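This report covers a sheet, the helices lying across it, and the contacts of aromatic rings. Please read it beside the sequence and the structure.

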Amino acid sequence: MGQTIAEKILSRVCARPVTVGEIIYPEPDLITTHDWYVVNFATVLERLGVDRLYAPEKVLISTDHEPVATSPAAAARQRQVRKIVQRYGIKHFYDVGRGGHGHVFPMELGYIKPGMLVGAYDIHVTNYGALGCLAIAFVTEVTELLACGSVWLRVPHTIRVNLHGKLAWGTAMRDVAQKLISVLDVDDVDYGVVEYGGQGLCEVDFAGRQVLCNTPIEIGAKSALVEPDHITVDYLKGRTSGPLDLVRSDPDAAYRRIIDFDLDVVEPQVAIPPTPDRVVGISQVLGRKIQHAYIGSCAAANLADLRLAAAVLAGRRIHPDVRCFVTPGTQEVLSNATAEGLIKIFVDAGAAITAAGCGVCAAGKIGTLADDEVSINTGTRNDYGRLGSAKSEIYLASPATVAASAVAGQIADPREFLPQ
């Protein structure tokens, strides 16, 4: 019996063939966590009497959830993080203004390659699957991972999604990703790896691949990844050195389910409160008044996302009843967006530009919602209280839909704003 991509990666790490359902103790090639959990893991390690990490050279820490300290307590936490990094000899530390979003910039800097296994604290580390990397969140067990080098994992099954066709005009990969998690069987996906392939994958750019790998975690997936191909190789040129292992599933690999999915969704999609898989066509929510819009997060962190929003906002002004925030995902994205004139478009439209990182999506530390306010944004979650008041509402959509809605002051169809 052949193996899936995930099974091959875990077999390499374990130095023996593994099978679905067995318990293994894999040692990741890289371990990541962000600024909000560093103090937590250090406190636990101290209580346990652990004074050194198993492999500090494998650890990468990013200050992305709150790069701009919003309180004295936040500034104190940042200072603690810097001391902890020094104490444990962690060399791959990207502080304020150095990297950006930890689910994105490590790919820009060549840390992530096809066939790698990455362990992390944060669930949206699955973005790395856009390069054919198996990235798994161990959440609070990342502390044990840092101390011992491995923790138990049940080898996950795989759901294969074969993509077909091309995007319809006026839609984006966020629309496809949201539609997809609304139709996948959650029982199939639970603790599974979603593997993307098919002839339609060659139509999906690198930014689109990230959002495809980002969203399945919201319905219980363990991870998600794409079959690496020429787009993978092209992206990594000049970013990393050495040979690339373009791991692919065997023709006779066993899948829990094989799904064929057409990229040509009927219309832009919107996730309505309170979960990301409650997805409807935009025609069902047109006209809903908004006071808040946000373009950013690890689900829309790339230059392509900002270009899409800028195509709508160019020459227009954000509605006077709406405050709009734009967060470039990384320092590289910010630099390129500035060079292309995208930041000027956002500023001229009346948007507020935040520091590279998670932005508003990080629990509403900035750009918070008040009672009875409505937001449409490109964040990852829309549960009540996610961005402030539990009496507010959050709708999730593509950068184009968010930008169009910000201009209209209500949820709007981006196809009425995009140039033909």
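Are Phe206 and Tyr235 buried or exposed? Both Phe206 and Tyr235 are buried, where buried stands for under 20% relative accessible area, exposed for over 50% and partly exposed for values in between, with a 1.4 Å probe and protein chains only.

## Basis

The model is predicted: local features need pLDDT of at least 70, side-chain atom pairs count only at pLDDT 80 or more, and totals for chains, interfaces and linings use all residues. Residues are numbered from 1 along each chain as its sequence is written, and side-chain values use heavy atoms, with hydrogens and water left out.

## Sheet

An open sheet is formed by four strands in the order S10-S9-S8-S11, with parallel pairing. Its edge strands, S10 (223-226) and S11 (257-262), each pair on one side only. From one strand to the next the twist averages 20°. Strands (E, at least two residues) and helices (H or I, at least four) are DSSP runs numbered from the N terminus, and two strands pair if DSSP finds at least two bridges between them.

S8 (residues 158-164) pairs with S11 in the parallel sense over six bridges. Asn162 stands opposite Asp260 in S11.

## Helices across the sheet

Helix H1 (residues 5-14) lies across S8, S9 (193-197) and S10, and runs at about 105° to S10. Helix H6 (residues 173-183) lies across S8, S9 and S11, at about 140° to S11. Contact means heavy atoms within 4.5 Å; axes are lines fitted to C-alpha atoms, for helices over the stretch in contact, and angles run from 0 to 180 degrees between N-to-C directions.

## Aromatic pairs

There are four aromatic pairs, counted when ring centres of Phe, Tyr or Trp (its six-membered ring) lie within 6.5 Å; planes under 30 degrees apart are stacked, over 60 edge-to-face, and the rest tilted. Tyr94 and Phe105 form a tilted pair, 4.8 Å centre to centre with 55° between the planes. Tyr94 is in strand S4 (residues 92-94) and Phe105 in helix H4 (residues 105-108), 11 residues apart. Both Tyr94 and Phe105 are buried. Ring pairs link Tyr94, Phe105 and Tyr111 into a cluster.

## Stacked pair and charges over rings

Phe206 and Tyr235 form a stacked pair, with 3.8 Å between centres and 25° between planes. Phe206 lies in helix H8 (residues 206-214) and Tyr235 in helix H9 (residues 230-236), so the pair ties together parts 29 residues apart in sequence.

Arg239 lies over the face of Tyr235, at 4.3 Å from the ring centre. Arg154 lies over the face of Tyr191, at 4.1 Å from the ring centre. A charge sits over a ring if NZ of Lys or CZ of Arg is within 6 Å of the ring centre and within 35 degrees of the ring normal.
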